[in-house]
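Please keep the sequence and the structure in view while reading.

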Amino acid sequence: MEPRLVGPGPYRATRLWNEIIELFRAGMPLRKHRCRFKSYERCFKASEAVDCLHELLGSNQNFGPEVTRDQTVKLLKKFLKNHVIEDIKGRWGKEDFEDDGHLYRFPPSSPLKSYPKKPSCGKEVIKFPDWNEPKAGTSQEHIPVKSVTMNSEMWYKRHSIAIGEVPACKLVFRRELTQTNIEEIWKSMTLSRLQKVLGLDSLDEVLDTKLVNSKYLVQNVYNVNKQGIVTLEDKSKELPHWILSAMKCLANWPSCSDLKQPTYSGFERDVFKTIVDYFGQMKEPLLTFHFFDIFVSVLGLLQKPSKAVEALQISCLLLPPENRKRLQLLVRMMARISLNQDLPPLSESLRTRTLMVQAFSRCILCSKDEIDLDELLAAKLVSFLMDNYQEILSVPSDLKSSIEDHVVHLQRVQIKYAGADSDATLPPPSFCHQISTDEFEYQRATGSQEPLAALLEEIVMNKEISVKDKKKKLKQFQKSYPEVYRVRFPTPETEAMLFPEKTKQKPPILMWALKKPFQPFHRTRSFRM
């Protein structure tokens, strides 16, 4: 069985767990071992299992070479507890697996994790303010209105001025957008963008959208300081001052502004341990249990770094403001410590970067489920966060601009033409993707010409107007849109075919003569003959 890349989608952690079990069972060498004067068939030593699984995880693109031997041992402890493996006497259920010479074996069938059946999360329908006629005395400035869906008929009406007609129209009004309306617009468009980046048909099985607080989302976007760090309205949720001082001390080492210079050896390790202990005692990770599945799904995009960065940007906006602020401060400190050459080593056996990942990954991301691969997944996510924290933990400017433009659009007065449905539901927001310059030029040329070409064709095929009016409209269209007109009628001959001239046939002279009153003359002549 060959390892495969597990992309974003529902139950990604479960799919990874099951795949690793199948790969481990298929790849672990089994042979006869002796223990206390007794032979055991088809078993393996604990150290051999660590070697095999460590190599398997390191070569698997879902995890990579960053996986440590210690993390592999922790995973095998979970395997023993969940009866993926058992000792040679058939015992399992405890995490007493060690990297030693004890013998283990596979049970007849290692239990794979079943996919949970989550209740379907009903899609929330955002209710916009109703459309109404203006009240007496209401100003027509800054009134939200609904845009009109354009088709060829509407395009004809919009451009009818160019061909000499102005259809009936009126202004359409809507009650002002409240702060709640704006927050719900932010939530709807943000989740739509996240779904598109992940490439999913629905977010239902990776995220319960009812748990997304639209108020938190808006606060994370607008309540920030000059450094982009969230500012909290509730000051009681701020980090304690002594923890902030400790984090600043290590992040800015050796320039400690809040603390005096250390006077004993190992001071920096004590400060680091204080920080680790504080974040380790939290009851819930910073990314929360509710959002575990969505962040695990994002890990499936790490082969496309730009997509992964955008997905993480959006996902981190969904966090409670206090969680987002702590994540910003913690990851920034971790990145600075890892790059600080002046800081003495914080561990005798681990590199500083590896120490940062191992010390804080579980307080950033973990699952309530004990049989998940949360340690490995958290380590991979935290490593990516440290490398791209400045971009990931900032507000995505393109998303912010698109939503603000949409809100402004709803607050702009527009004209409703007769026959347009003003009560139609607003179409769901759509998002653009980057294209090449050549494709942009092509779309700019063809995108605007196609509706005009349709309008011209309607004029040509309209049999209800007279030839004189049709010629008049075509002449005005040619003056307004010469390029479109030239495509439809490239030569004068093609234009002339639209109005073929009727040829008048001259009657023969004889026929004309027979119609004259010369009958008496003919009768006289025939009498003489």
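Predicted model: local features only at pLDDT ≥ 70, side-chain atom pairs only at ≥ 80, totals over all residues.

Strand S1, which covers residues 31-35, runs antiparallel to S2, which covers residues 38-45, and four bridges join the two strands. Two residues lie between the strands of this hairpin, where Arg 36 takes a positive phi near 55 degrees.

## A further partner for S2

Strand S2 also pairs with strand S4, made of residues 103-105, in the antiparallel sense and over two bridges. In this pairing, Phe 44 stands opposite Tyr 104 of S4.

## The chain as a whole

The secondary structure of the protein chain comes to 20 helices and eight strands, and of its 529 residues, 41% count as buried. Among the contacts with a separation of 6 or more, 72% are accounted for by residues 24 or more positions apart. The chain exposes about 31,200 Å², of which carbon and sulfur atoms supply 53%.

## Two helices in contact

Two packed helices are described by the angle between their axes and the distance between the axes. Helix H10 (residues 305-317) packs against helix H13 (residues 374-392) at an angle of about 80 degrees, and their axes are 10 Å apart. Because angles of 65 to 115 degrees count as roughly perpendicular, H10 is roughly perpendicular to H13.

On the H10 side, the contact is made by Pro 305, Ala 308, Val 309, Leu 312, Gln 313 and Cys 316, while H13 contributes Leu 381, Phe 384, Asn 388, Glu 391 and Ile 392. The residues of this contact divide into eight nonpolar, two polar and one charged.

Methods: Residues numbered from 1 in each chain as written. Heavy atoms only, no water. Pairing = 2+ DSSP bridges. Buried < 20%, exposed > 50% of the residue type's maximum accessible area, 1.4 Å probe, protein only. Contact = heavy atoms within 4.5 Å. Areas by Shrake-Rupley, 256 points an atom, 1.4 Å probe, with all protein chains shown as cover. Axes fitted to C-alpha atoms, helices over the stretch in contact; angles between N-to-C directions. Parallel < 35°, antiparallel > 145°, perpendicular 65-115°, else oblique. Nonpolar A, V, L, I, M, F, W, Y, C, P; charged D, E, K, R; others polar.
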